[in-house]
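Hello,

I am passing on the structure we spoke about. Please look it over before reading my notes below.

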Amino acid sequence: MTQPPHDEPTASTPDELREQVEQTREELGQTVEALAAKTDVKARAREKAAEVREQTAAKAGELKEQTAAKAGELKEQAALKAGELKTKAADLAQQAQEKLPDPLKDKAEQAVAKAARTAQTWQEKAPEPVRQKTARGAQLARDNRNLLLAAAAGTTALVWLACRRTKR
């Protein structure tokens, strides 16, 4: 038999010896279980995968919160900037109105009133098919505004050149 470790006292009675043997068996069983667990690659891989999944889920949650916070900040900044631009546009419009001469303002008001009356008369007297075609034409014009403006500028330039030639 082997010698007992130096830190453990030797058993003086058979009962103590049985108790030491039982304790040694228990420790040996625990050691064997620990070694078996270390050599079970599948179980260790599953444990590691579960751990990585938990870490990934936690990180995804953090990133989601950070993204939501940043989106909220950007939305707030955009709203402030839009408000600033709206205020600036209103100020510029007010300045432009203040610089217009009173006779021109009066004529503009009269033109707006006359356009409103004309629109009302049109709605009352024009047949439905004509109104529908007109609405489609107006929508087409709104959709192609830049093209129409370019055409109008070209036409104006041609008329100006024609008038200039006839004056010579």
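Charges, shape and surface

The protein chain carries 30 positive and 26 negative side chains, and the centres of these two sets are 29 Å apart. Please keep in mind that this is a predicted model.

On the fold: the protein chain has five helices and zero strands. Read from the N terminus, the order of its elements is α-α-α-α-α.

On the overall dimensions: along the principal axes, the C-alpha atoms of the protein chain fill a box of roughly 135 × 45 × 40 Å. The radius of gyration of the protein chain is 46 Å, whereas a compact globule of 168 residues would have one near 15 Å.

On burial: of the 168 residues in the protein chain, 1% are buried. The accessible surface of the protein chain comes to about 15,700 Å², and carbon and sulfur atoms supply 59% of that area.

One spot on the surface deserves a separate note. Which residues form a nonpolar patch there? They are Leu158, Trp160 and Leu161, with about 360 Å² of accessible area together. Trp160 belongs to helix H5, which covers residues 145-167. Is Trp160 buried or exposed? The relative accessible area of Trp160 is 53%, and exposed means over 50%, so Trp160 counts as exposed.

That is what I have for now.

Regards

Definitions and conventions
Residues are numbered from 1 along each chain as its sequence is written. This is a predicted model: local features need pLDDT of at least 70, side-chain atom pairs count only at pLDDT 80 or more; totals for chains, interfaces and linings use all residues. Side-chain values use heavy atoms; hydrogens and water are left out. Patches are made of residues with over 30% relative accessible area and no salt bridge: like charges are joined within 9 Å, nonpolar side chains (Val, Leu, Ile, Met, Phe, Trp, Tyr) within 5 Å. Accessible areas come from the Shrake-Rupley method with a 1.4 Å probe; for residues, only the protein chains shown count as cover. A salt bridge is a side-chain nitrogen of Lys or Arg within 4 Å of a carboxyl oxygen of Asp or Glu. Helices (H or I, at least four residues) and strands (E, at least two) are DSSP runs, numbered from the N terminus. Buried means under 20% relative accessible area, exposed over 50%, partly exposed in between (1.4 Å probe, protein chains only). The radius of gyration is taken over C-alpha atoms; the globule rule is 2.2 Å times the number of residues to the power 0.38. Lys and Arg count as positive and Asp and Glu as negative; His and the chain ends are not counted. The place of a charge is taken as NZ of Lys, CZ of Arg, CG of Asp or CD of Glu.
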